[in-house]
Every structure is written in structure tokens, then in C-alpha cells.
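Visitor: I would like to learn how to read a model of this kind, one feature at a time. Could you take me through it slowly, giving the general idea before each case?

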Amino acid sequence: MAFSGAKIIQPLPLHTTIRSPNNPLLFDPFTSSPFLGSTRTLRLSQSISASQRRCASHIVAVSDVFKEKKLKSNTNLLLTKEEGLQVYEDMILGRAFEDMCAQMYYRGKMFGFVHLYNGQEAVSSGFIKLLKKEDSVVSTYRDHVHALSKGVPARAVMSELFGKKTGCCRGQGGSMHMFSAEHNVLGGFAFIGEGIPVATGAAFASKYRREVLKEADCDHVTLAFFGDGTCNNGQFFECLNMAALWKLPIIFVVENNLWAIGMSHLRSTSDPEIWKKGPAFGMPGVHVDGMDVLKVREVAKEAIGRARRGEGPTLVECETYRFRGHSLADPDELRDPAEKARYAARDPITALKKYLIESKLANEAELLAIEKKIEEVVEDAVEFADESPAPSRSQLLENVFADPRGFGIGPDGSYRCEDPKFTEGTAQV
Amino acid sequence: MASIFQGVGTATTLSSSASFDSNKFHPSSRRSLSERKVSFLVVRSDAAKMNPGLNKIGGRADQLVTNAVATKPDTSAASTAASKSGHELLLFEALREGLEEEMERDSRVCIIGEDVGHYGGSYKVSKGLAPKYGDLRVLDTPIAENAFTGMGIGAAMMGLRPIIEGMNMGFLLLAFNQISNNCGMLHYTSGGQFKIPVVIRGPGGVGRQLGAEHSQRLESYFQSIPGIQMVACSTPYNAKGLMKAAIRSDNPVILFEHVLLYNLKETIPDEEYVLNLEEAEMVRPGEHVTILTYSRMRYHVMQAAKTLVNKGYDPEVIDIRSLKPFDLHMIGNSVKKTHRVLIVEECMRTGGIGASLTAAINENFQDFLDAPIVCLSSQDVPTPYAGTLEEWTVVQPPQIVAAVEQLCR
């Protein structure tokens with residue numbers, strides 16, 4: 001059966017290859033378009049108690065059926081060739097860029113804390129490639145690829161990482177603060193959880209525009225990306241509550257890669273199934289295989305559609321994995337090599353490549369061409385960043401205030417920002 | 001100018017029979033609904049008459065004229081306008097007027113906070129606005145300061161102009177993450193791409209036996225955050241003007257109101273006016289000593305000024321209003337004239353606004369000082385509940401008088 005992608009009317013029959021035989025297919029009786037059912041639970045075998053089953057009536061998750069679907073013939077294609085190539089290119093860009101970051105870091109071109117996204121590309125590409133330019137993305141410190149997926153040029157991101165004035169934030173933000181007003185990337189945040197309220201605010205602004213300012217066609221949605229560690233943080237829960245309360249057009253995307261630096265998700269979380277926390281606040285909670293970009297994309301379509309129609313927020317938990325350490329400073333000694341190997345075998349790029357070829361959407365040559373093209377893009381970005389100048393002293397005091405009168409009135413009666421030395425960056429403020 | 005200070009004394013509330021509207025005074029309590037509903041008029045049992053001169057601490061009972069107006073008429077246009085026409089209102093009403101005018105003028109202005117909507121604000125600053133503008137423009141939030149402050153910041157980044165209310169300034173400690181990292185720094189870390197035109201406001205300061213946690217002075221904690229401005233209002237006139245200025249500013253501004261000043265009454269102009277966020281206010285010109293103060297302590301200073309005038313001194317009183325940045329022009333001109341500085345603040349001795357101001361004046365006007373700067377601050381103690389103890393934690397007029405006498409010796 002063909003997937004329209006917009007509204008999935010019938011739930012597919014449950015089929016699972018995973019443990020936990022106790023989980024029945026759970027439908028959300030309150031929406032007419034339930035997600036496809038899945039029973040995949042996390043690494044623990046848990047039986048759902050009767051009370052959980054009641055609360056869980058809002059929850060549906062994505063089926064393993066997808067995996068089987070992908071291997072079938074052309075009539076079951078999940079995306080067009082054009083979409084397939086677009087997603088593939090985006091994932092290759094993410095991977096190549098991050099690999100180049102690692103190289104550049106060890107060559108002393110970038111400093112500080114740099115957190116790479118290798119292995120999680122399916123989540124970024126799966127979600128962000130469905131967005132419009134006016135939609136917003138809010139991320140964490142692991143934000144390079146979110147920015148790239150949203151459309152921020154690789155040159156701007158690399159320059160920012162090199163601390164050059166041509167960076168997307170003029171070199172003032174760095175790896176953990178990728179912003180783009182043009183592409184509506186609202187950061188880049190160093191503390192976990194602090195971006196979620198900002199995302200909630202962006203969603204609130206969208207609703208405000210529609211209902212107060214009467215911009216009738218304003219249906220902009222916001223995606224908030226964050227990790228498993230953040231899901232134990234107060235700001236996460238506070239925002240789930242407010243988003244559901246006011247039916248804000250936001251999707252909370254949990255990139256559960258199982259590790260918060262060296263803290264395993266299972267050691268820090270009383271109930272590790274994060275998707276269940278959605279229904280506790282009155283929104284659907286969905287669990288999806290985050291190593292499979294097609295599954296992510298299907299869930300994303302549904303969630304984004306919900307938000308655009310004004311039906312409110314969704315919590316999507318993506319099971320994913322980072323192939324590298326938490327940051328380039330992390331020796332990554334705690335994680336079991338067998339676990340890493342298992343996930344490496346589920347590399348999302350390899351999986352998509354296989355799908356595209358087997359479903360005859362693309363051939364090897366086309367995909368190789370994309371890889372080559374991206375290689376050039378990334379090298380060009382490095383060259384551009386290398387040749388760009390560092391910020392001059394004059395930039396030091398700019399941008400502290402949107403209105404620089406905020407630096408106040410000096411002893412001579414004029415505003416500090418009127419001091420000629422202000423633009424040189426040497427004024428006393 | 002404010003003609004309210006008959007009741008301002010050492011230990012009394014700002015009540016004069018004419019101007020205190022007890023029904024409108026609602027202390028905010030975080031959890032207890034019953035406390036909120038009680039309106040009270042605090043009268044010290046040992047100050048039998050509302051005699052402003054009586055003070056128990058120093059034992060000096062200066063019997064001052066009860067109807068005396070605290071200030072010399074100042075020459076600002078505002079007061080002359082006010083004396084000709086204008087309307088009389090209480091400080092919280094002035095704040096509301098400022099809010100309403102700005103909401104009327106720009107539909108992107110909205111209010112976010114606890115009980116700002118249907119309840120009308122725990123100090124009635126936003127009363128009547130939710131019925132007028134709707135539940136989305138005057139948003140009642142759940143009790144989640146960090147999250148709703150961040151939400152206001154995110155909305156501001158996307159073009160709205162939210163006013164975020166902390167029901168008590170102390171509650172904003174829970175929003176410190178958002179205020180420091182996002183409110184203050186985000187414009188910079190985004191390379192100037194996003195501006196955060198929020199106003200964060202609420203009542204703070206030491207009230208009337210509200211207990212330690214409800215009696216905090218957040219201005220001393222927030223002052224180091226780069227990228228924010230802080231102002232403190234003290235009269236209905238400057239409350240309205242600063243509120244409007246803060247809303248119109250593209251910078252994040254923290255507007256500090258004081259729990260005890262909401263019922264001050266003053267006549268303010270009918271015409272629209274907006275004050276300057278970065279300027280200080282000359283309260284009483286003088287020659288002998290510069291007294292720098294803000295918020296509630298302005299009234300203790302003016303109370304002391306009456307005594308000082310009777311004793312033959314001529315203090316110059318400046319309400320600094322802009323806590324960050326300091327108006328070094330008005331302050332500097334005053335120092336150059338009087339050569340002696342007394343700072344009277346409600347912050348604690350350690351790390352308060354007074355400490356920063358002392359450093360700034362020393363740095364900039366060292367050559368003009370005839371004596372070291374004296375800074376009177378609250379004690380470095382959690383504000384006690386007991387009335388007597390509470391009185392001793394904050395600066396009282398007799399201390400101010402003594403300090404000036406010492407300074408001018």
C-alpha cells in the first residue's frame with residue numbers, strides 16, 4: 001500500500017521482531033490519524049502494566065513494518081527519487097562536515113568544546129528536510145548538522161568554528177551557538193535544556209501571529225532537538241506542560257543516543273522510555289528508529305502536520321547513536337565496543353544508500369557523484385574559513401546590545417557608544 | 001513630584017491616611033491563596049500616631065512637620081506640567097497605564113507571568129488587561145519561571161515584545177539560567193542576528209515582614225550579566241515613564257519595582273511621556289553632599305533630608321534610577337560640585353549596587369572627592385521575619401543623618 005505521507009488512515013498490523021511480546025498495538029483514539037504501531041521498546045524488557053496501558057492510549061510508535069516495506073518493490077516507495085537524493089545529500093554533508101571538523105580540531109584550527117553528530121544524521125535529515133524556511137529549529141551544542149540541514153551554508157558554519165568574522169555568528173558564538181536569522185536556526189545552546197523554552201517561545205510566537213496578529217496563514221512550526229540527558233531536566237517537563245496546555249506548534253525531538261557524556265541513560269532515568277512522558281502531559285509520544293531516515297521522515301511528517309493544523313505538540317523519541325565520543329575531548333572509553341559495533345552496522349547513510357539502490361531510485365554513480373560534490377563543498381568551506389579574517393578589535397563591543405545606548409552615559413555627558421573608541425573596541429564601558 | 005511621604009518613617013509603611021488604599025495592597029505569597037486575599041494596612045503598634053519623625057532605633061524623635069512635602073520642587077518639565085493639569089494615581093496604576101498604552105500602540109507587546117491575566121496581577125499591575133486584550137496577550141502561566149522566561153525570550157527572538165513578570169523578583173532566581181545565558185548573551189552569541197526586546201519586571205526589595213525569601217534584592221545578582229539593562233522605579237511618574245521606555249527598548253531591560261511603593265500617589269501628566277532608561281533623576285539639588293539612592297531608599301533619604309535641612313545641611317539627592325548602566329554624567333557633575341558622596345541602598349553590603357557604584361565613582365571621579373565614599377547598605381543577613389530585626393537590617397533615616405554629619409565634618 002502506498003503511503004501518502006500526510007494522513008495515515010489505517011493502522012498497520014503489528015509485526016515485531018523484537019522482544020517484549022506484552023505490548024499490544026496502541027492507538028490514539030483521539031486523533032483520526034494514528035501513527036503506525038510498533039512495539040519496539042528499549043533495551044530493557046518491560047511489561048506494561050494495566051495502568052500504563054491506560055495512560056499509554058495516546059501512544060503509538062512506528063512499526064518495524066517499515067523495514068520490511070523498504071525491501072519490497074517500487075509500488076511501495078516511501079519517497080520520490082528527488083526526495084531520496086536530497087535526503088542522501090544532506091546526510092552525506094552532515095557526515096563529511098563532521099569528519100572534517102575532527103580533522104581541523106586536531107590540526108588546531110578550532111578550539112574548545114566541539115560535539116559531533118556522526119551517526120545521528122537520520123534524525124536531522126529526516127525531520128529538517130520537511131520544513132519550510134520560515135519554520136524554526138532549536139538545537140543544543142551538537143548543532144552543526146541541524147544548522148546545515150536547515151540551509152545554513154557550510155562555509156558559514158566552518159568559519160564560525162574557526163572563529164572568523166565570516167562565521168554565521170561573526171565568530172562570536174562558536175561551535176555551540178549556531179544561529180541563523182535567515183534560516184530560522186534559533187541556536188545552539190551550551191546548557192542542556194535551555195533551548196527548549198526558547199523553542200516553546202518560537203512556537204508561541206507562531207500561534208500569537210495567527211491568533212492575535214491575525215496573520216491567518218501563519219502555520220510555522222518549531223522543532224526542538226535535544227538528548228536523553230535533557231529529558232531528566234526540569235525545563236523539559238515545564239515546556240511539555242506549556243506546549244500541550246496551549247497546543248503550541250512544536251515538536252519535541254529527543255535524540256536518545258543512550259549516553260550523556262559518560263552517563264548511561266539507563267543509569268540516570270527511572271523510566272527510560274522517554275516517549276511515554278508525552279502522554280503524561282497530554283500529547284502523543286512516539287518512539288522511532290532513529291537510525292532509519294525513512295521511518296523518521298514518516299513520523300516527522302505526521303508530527304509536523306499535526307502542528308501545522310493546530311492540533312498541538314508531539315514528543316518524538318528517536319533511538320539513535322553517536323559514533324564518536326561526546327565531544328572531541330572525550331576519550332570515549334566507557335561505551336562497550338560491541339554496542340558501538342552494533343550501531344555502526346546500522347549506519348543510517350549505508351541503510352539509505354542500500355534502499356535507494358535496491359528500490360531503483362538511484363544508482364551507484366549518482367550517489368557517488370553526490371559524495372564527490374559534498375567533498376568539494378566541505379573542502380571549499382575549509383578553504384574559505386582558512387582564508388577569512390579573524391574578527392578585529394572593533395567587533396568586541398558591537399552586538400552586546402541591540403541598542404548600544406545600553407552602555408550608558410559617560411562622565412562627559414555623551415553616550416559611551418558615541419565615543420569614537422567604541423567602534424575601535426577600546427572604549428571604556 | 002511625589003507628595004506622599006507623610007507616612008514614611010523609620011518603621012512605618014508608606015501610609016498616610018489620604019493616600020494609602022489598603023484594599024489594593026496584596027502581598028504576594030507563592031503558595032498561600034489565603035494570604036493573597038488578605039489586604040492589610042500595617043501599623044506599628046509602638047508608633048501610636050502615624051508620626052513620621054518617631055524612630056525607635058537611634059532614640060532621636062525628630063518631630064517633623066507631618067504635612068511637609070519631601071522635596072524641593074524640582075525644575076523638570078514634568079512637575080510644572082503636573083502642577084497645571086494631569087491626573088492623580090497610585091504607582092501600580094501608573095505602571096498599568098504605561099503597560100496599557102504600549103499594548104495599545106503595538107500589538108506585539110504581550111504580558112507573560114503568573115496570575116497576570118484573570119487575577120489581574122498579584123499587585124494589580126495588569127488588572128483589566130486580560131479582559132481587554134485576551135488570554136494570549138496577557139498570558140497566565142503555570143509556575144515555571146525558567147521555562148516561561150525562556151519562552152518569552154524565544155518569542156522575542158521571533159518578533160514579539162513580551163513583558164515577563166516575576167510575581168516576586170525573588171522567583172526569578174529560578175529563571176537565572178534564561179536571564180543570564182539567553183536574555184543577556186544571546187544577542188552577542190548570535191552575532192547580532194536576534195534581538196531580545198523583553199522587559200522583565202516585578203516587585204522586589206524588603207517589604208513588611210515578608211520573610212527572607214520574599215525580601216530579596218535581585219539587582220545585586222543580575223548586575224554582572226552583560227547585555228541587560230536594569231532600572232528601578234520609585235515614583236508613579238518615573239514608573240510609567242520607565243515602563244514605556246523599557247517596552248520600547250530593543251534591549252532586554254529588567255525593571256525593578258518595590259513591594260512597598262505600589263501605593264504611592266502622585267499626579268502625573270495627561271500627555272504621553274517616555275523617560276530615558278539611562279538617566280538618573282535629580283530629586284533635590286544641593287551643595288554639601290551628594291546622596292545617591294534608588295527605589296524605596298529614596299524615601300528614607302528624603303526623610304533624613306528633612307532632618308538635615310533643619311540642621312542646616314544642604315544635601316543633593318539623586319535617584320540613580322538606572323542601576324545598570326550608571327548615569328555617570330549626572331553623578332559626576334554632582335560629585336564635582338559637592339566633593340562628598342553618600343550612597344544609600346537596600347542591597348546587602350556585599351556585592352550590591354552600592355558596591356559597584358562606589359567602585360565606579362572612585363575610578364572616574366577620584367580627584368574630586370574630599371572624603372572617602374560612604375555606602376550605607378543593608379546588613380549581610382537573610383531578612384528576618386521579626387519586625388524589630390527587619391528594621392535593623394535595612395538603612396533607616398537616622399543612620400543617613402548621622403552619616404552625612406560625619407561626612408561633612
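Visitor: Which residues does Phe222(B) touch, not counting residues up to four places away in sequence?

Guide: Contact means heavy atoms within 4.5 Å. On that basis Phe222(B) touches Leu172(B), Phe176(B), Ile179(B), Ile228(B), Met230(B), Ile254(B) and Phe256(B). Before going on, note that this is a predicted model, in which local features need pLDDT of at least 70, side-chain atom pairs count only at pLDDT 80 or more, and totals for chains, interfaces and linings use all residues. Residues are numbered from 1 along each chain as its sequence is written, chains are lettered from A and ligands numbered from 1 in the order in which they are written, and side-chain values use heavy atoms, with hydrogens and water left out.

Visitor: Which residues have the most contacts inside the largest nonpolar core?

Guide: A nonpolar core is a set of buried Ala, Val, Leu, Ile, Met, Phe, Trp, Tyr and Cys residues joined through side-chain atoms within 4.5 Å; buried means under 20% relative accessible area, exposed over 50%, and partly exposed in between, with a 1.4 Å probe and protein chains only. The largest such core here has 131 residues, and those with the most contacts inside it are Met158(A), Phe252(A), Phe222(B) and Ile361(B). Its largest share, twelve residues, comes from helix α3 (residues 81–106) of chain A, where helices (H or I, at least four residues) and strands (E, at least two) are DSSP runs numbered from the N terminus. Apart from this core lies another, of 40 residues, which includes Ala130(B) and Leu242(B).

Visitor: How should I read a strand, and which residues of β9(A) lie on one side and which on the other?

Guide: In a regular strand the side chains alternate between the two faces of the sheet. In β9(A), Thr314(A), Val316(A) and Cys318(A) are on one side and Leu315(A), Glu317(A) and Glu319(A) on the other, and all are buried. Because six of the six residues of this strand (residues 314–319) are buried, β9 of chain A is largely enclosed by the rest of the structure.

Visitor: Which face of strand β8 of chain B is covered, and which is uncovered?

Guide: In that strand (residues 265–268), Glu266(B) and Ile268(B) form the covered face, whereas Lys265(B) and Thr267(B) form the uncovered one. Strand β1 (residues 87–90) of chain B runs antiparallel to β8(B), with four bridges between them, and His87(B) has Ile268(B) as its bridge partner.

Visitor: Do loops show burial in the same way, and is Asp135(A) buried or exposed?

Guide: Asp135(A), in the loop between α4 and β1 (136–138) of chain A, counts as buried because its relative accessibility is 0%. Among the residues that Asp135(A) touches are Lys150(A), His183(A), Asp219(A) and Arg308(A). Phe111(A), in the loop between α3 and α4 of chain A, counts as exposed because its relative accessibility is 64%.

Visitor: What should I look for in charged pairs, and which residues form salt bridges with Lys240(B)?

Guide: Side chains of opposite charge can pair when their charged atoms come close. Glu97(B) forms one with Lys240(B), the closest N and O atoms being 2.8 Å apart, and Lys240(B) forms another with Glu101(B), at 2.7 Å. Lys240(B) lies in helix α9 of chain B and Glu101(B) in helix α3 of chain B, so the pair ties together parts that are 139 residues apart in sequence.

Visitor: How is an interface described, and how many salt bridges are counted between chain A and chain B?

Guide: The size of an interface is often given as the accessible area lost when the parts come together. Buried area is the accessible area (1.4 Å probe) that two parts lose on being put together, summed over both; between chain A and chain B this is about 4300 Å², of which carbon and sulfur atoms give 64%. In this interface 56 residues of chain A are in contact with 52 residues of chain B, while the count of salt bridges between the two chains is zero.

Methods. Two strands pair if DSSP finds at least two bridges between them. A salt bridge is a side-chain nitrogen of Lys or Arg within 4 Å of a carboxyl oxygen of Asp or Glu.
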